[in-house]
Amino acid sequence: MRHYKLFHVLAALAIVCLLLSACSPAATPEPTQPPAPPPTEAPAATEPPAATEPEPTEAMEATEPAASGGDKTYVLVPKNLGNPYFDTGNTGAQEAAEELGVTVLYQGSATADATEQIQLINSLIAQNVSGLAISANDADALAPVGQDAMNAGIPVVSWDSSIATEGRMLHINQAEADGIAAVQIQMASDLAGGEGQIAILSATSTAPNQNAWIELMEQELEKPENANLELVATVYGDDQDEKSYNEALGLMQTYPDLKVIIAPTTVGIAAAARAVQDENRVGEVMVTGLGTPNQMREYVKSGASPQFALWNPADLGYLAIYALDALANGTITGQPGDTFTAGKLGEYTVLEDTSVLLGPPTVFDENNIDDFDF
Amino acid sequence: MTDTPSPAQKTQRPTLINEFAPRRSFLARFQRWEWMLVALIIAVIFLNSRLSPFFLNGRNISRTSSDFMEMGMMMLPMVFIIISGNIDLSVASNLGMCASFMGWLFNQGVNIWVAALAALLLGMLGGLMNGLLIARLKIPSLVVTLGTFAFFRGVAYVLLGDQAARGYPAAFKYIGQGMLPGTLVPFSVALFALLALIFGLVLHKTTFGRYLFAIGSNQNSSIYSGVPVERIKIIIFTLSGLMAALAGLILAARFGSTRPDIGTGLELSVITAAVLGGVDINGGIGTMPGAVLSLTLIGLMRFGMGLLNIQGQVQGIAIGMLLILSILLPNIIRQTSGTKALLKRQVFWRVLAVAGIFALFFYFFFWSRAPVLAGG
């Protein structure tokens with residue numbers, strides 16, 4: 001009998017829910033239903049009175065991207081959601097969308113995992129979107145699904161982290177891997193005073209861009225001017241804040257003489273800088289690598305991370321959408337030598353390896369960090 | 001007159017195994033969880049086909065169905081294992097180890113089919129190791145497979161490190177990407193259907209299957225009744241290893257490449273699918289059709305939500321709510337149909353409560369779409 005009351009409460013709840021669900025869902029399916037059979041009809045004409053209300057019009061765009069002939073819907077796919085780096089890429093992409101008069105959706109998987117990302121891209125292909133810009137969680141695993149998309153007539157570019165050549169038309173490269181590796185070793189050398197122990201805190205051990213950079217950094221260290229820098233360890237924080245933090249703590253404990261931690265990932269660098277601060281090792285251990293100004297401002301000023309580098313991810317997202325639009329319009333086909341104009345960024349040329357290079361990375365320190373806001 | 005004792009005997013059985021209780025009347029038959037799943041699948045198909053014009057499209061369904069087959073392959077032996085009162089957390093790691101082993105052999109220049117066969121053997125070996133530790137040393141399966149969960153994945157990283165195996169021949173990629181000639185049915189789906197049929201028959205039509213239920217209901221009495229408990233445990237864990245390896249081959253073929261993190265985290269999806277299918281996590285209860293239906297439901301829900309651009313995290317919430325419902329509902333049904341002493345009013349309230357949770361679920365289903373539809 002004690003449960004009796006519980007069921008009364010549940011039942012009351014149920015009735016409320018039934019009432020609520022009777023009101024609201026009815027509104028959602030109705031506007032989306034009519035455009036289903038006639039894809040050639042202009043769907044905007046079916047609901048002119050809704051123009052003042054944002055909800056139904058947006059519903060139309062979300063579920064009905066392909067059917068509306070002139071309106072293009074591109075999708076910017078990050079490695080995972082909730083990563084400020086990719087979110088900043090999205091602000092650039094939205095800016096490009098506004099200039100081009102297209103819609104850009106920002107859709108990602110919950111975790112940085114190839115299996116989930118492929119599921120997501122399959123559902124985007126099913127919606128017949130006008131183009132995909134993907135930051136790949138696995139260069140090879142994403143290639144078959146990229147081919148599927150292209151076979152379905154959907155142009156595919158990769159940005160930030162590339163898909164293997166056969167699975168995309170263009171890769172929007174944030175910076176040459178050489179340049180990134182060189183600038184990071186240069187910063188590490190400056191901070192360490194030319195000699196001492198350094199360590200690398202990377203993202204996942206399978207991330208293609210991370211591995212390329214680490215390899216090039218190792219080559220950079222073999223040069224005579226870096227002979228006194230010793231790379232003692234490479235650890236992986238999986239782009240998770242807590243794991244990166246613990247890996248950084250581990251590095252400081254294992255190598256008491258460690259001078260510099262290089263973290264070529266935005267999650268890792270902030271976690272490592274926080275770890276240095278929490279351990280009161282500011283000035284002894286210095287963190288550098290790739291980070292965003294807003295996230296690193298505090299650590300630049302405290303001295304935990306006196307300098308770091310990055311390209312502007314907003315520009316990267318912006319360029320990716322312009323490149324995708326040029327492909328979708330047939331302005332370019334993705335052949336080496338093709339040129340296109342990307343709004344405020346100017347003219348770009350497709351390189352030999354079917355990639356487009358954004359430009360050199362910027363080094364941020366306490367003199368210039370306040371000029372940036374992303 | 002000779003017939004009367006046996007029905008009396010039969011009515012006694014339900015008190016021993018509760019799952020038979022609802023079978024007594026026509027109405028009670030429809031209270032079985034499988035029918036709930038069928039109803040949910042119909043509801044999901046109906047709603048999604050109204051919400052997205054791309055949902056009921058053969059090519060789209062075909063493309064998305066193969067995304068769930070690796071999960072399905074591992075779910076089949078997982079049903080056996082959970083019914084027997086055990087659990088296998090190491091399946092996805094075993095998948096990763098076997099796929100990486102195959103990739104490593106392929107990188108060494110070994111023929112892909114030989115490498116695939118070797119991977120299947122390695123999977124069986126991994127499963128056998130689980131089985132021996134659990135059955136012979138009497139360590140709880142949760143602990144053993146938690147250990148091998150880390151161990152197998154570690155082996156995968158030792159084999160491939162940060163390298164990838166790629167460039168598999170087209171004939172091998174067919175098992176993950178190809179379709180049956182002249183149809184839209186992916187090869188992996190056809191293979192899964194065949195295996196599901198075999199596993200279902202073994203579970204529900206053989207002595208071996210009955211033994212699994214017996215072990216899961218009461219292991220000690222099974223031992224004293226002469227059920228070869230140890231051997232059966234070793235067999236099901238070895239089988240689980242084999243299927244994990246097979247899933248690994250299919251996933252590698254679908255990706256066209258292998259990296260050591262392949263399939264990370266799939267074990268929880270596999271267990272979710274089995275439990276949502278009405279397999280009791282405490283053992284002794286469960287059906288193969290239920291598990292297959294729940295896999296279908298999860299696949300259709302994820303696909304439908306994906307088509308409406310609902311974020312992955314929100315999809316997780318919806319699946320999680322469904323899972324809680326799946327545990328709540330059969331409990332309530334068992335309570336209401338088991339004892340005659342219940343008041344009719346009480347039954348009424350309970351049914352209403354379940355209806356309320358359903359309503360809450362569907363309300364959430366729509367609510368979760370609202371922010372996406374309203375602002376991307």
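A: A:Glu220 has a relative accessible area of 16% and therefore counts as buried, since the limit for that class is under 20%. In this predicted model, the side chain of A:Glu220 meets that of A:Lys223 in a salt bridge, with 3.2 Å from N to O. A:Lys223, for its part, is partly exposed, its relative accessible area being 35%.

A second pair in chain A is formed by A:Asp238 and A:Lys243, whose side chains meet in a salt bridge at 3.0 Å, again given from N to O. Here A:Asp238 is partly exposed at a relative accessible area of 28%, and A:Lys243 is likewise partly exposed, with a value of 32%.

In chain B, a salt bridge links B:Arg254 with B:Asp67, and the closest N and O atoms of the two are 3.0 Å apart. B:Arg254 belongs to helix H13 (residues 229-255) of chain B, while B:Asp67 sits in the loop between helix H4 (58-65) and helix H5 (69-83), so the pair ties together parts that lie 187 residues apart in sequence. Both B:Arg254 and B:Asp67 are buried. Beyond such pairs, A:Asp138, A:Asp140, B:Arg166 and B:Arg259 are joined into one network by salt bridges that share partners. Over all chains, a search of the whole structure finds 16 salt bridges.

B:Asn309 is located in the loop between helix H15 (288-307) and helix H16 (312-338) of chain B, and its relative accessibility of 2% places B:Asn309 among the buried residues.

As for the domains, the assignment divides chain A into domain 1 (60-174 + 313-358) and domain 2 (177-310), and 9 residues from domain 1 of chain A and 8 residues from domain 2 of chain A take part in the contact. The centres of the two domains, taken over C-alpha atoms, are separated by 30 Å. Between them, domain 1 and domain 2 of chain A bury about 680 Å², of which 57% is on carbon and sulfur atoms. The side of domain 1 of chain A that touches domain 2 of chain A has 3 nonpolar, 4 polar and 2 charged residues, yet the count of salt bridges between these domains is 0.

How values were computed
Residues are numbered from 1 along each chain as its sequence is written. Chains are lettered from A and ligands numbered from 1 in the order in which they are written. This is a predicted model: local features need pLDDT of at least 70, side-chain atom pairs count only at pLDDT 80 or more; totals for chains, interfaces and linings use all residues. Side-chain values use heavy atoms; hydrogens and water are left out. Domain bounds come from an automatic or database domain assignment. Contact means heavy atoms within 4.5 Å. Buried area is the accessible area (1.4 Å probe) that two parts lose on being put together, summed over both. A salt bridge is a side-chain nitrogen of Lys or Arg within 4 Å of a carboxyl oxygen of Asp or Glu. Ala, Val, Leu, Ile, Met, Phe, Trp, Tyr, Cys and Pro count as nonpolar, Asp, Glu, Lys and Arg as charged, and the others, Gly among them, as polar. Helices (H or I, at least four residues) and strands (E, at least two) are DSSP runs, numbered from the N terminus. Buried means under 20% relative accessible area, exposed over 50%, partly exposed in between (1.4 Å probe, protein chains only).
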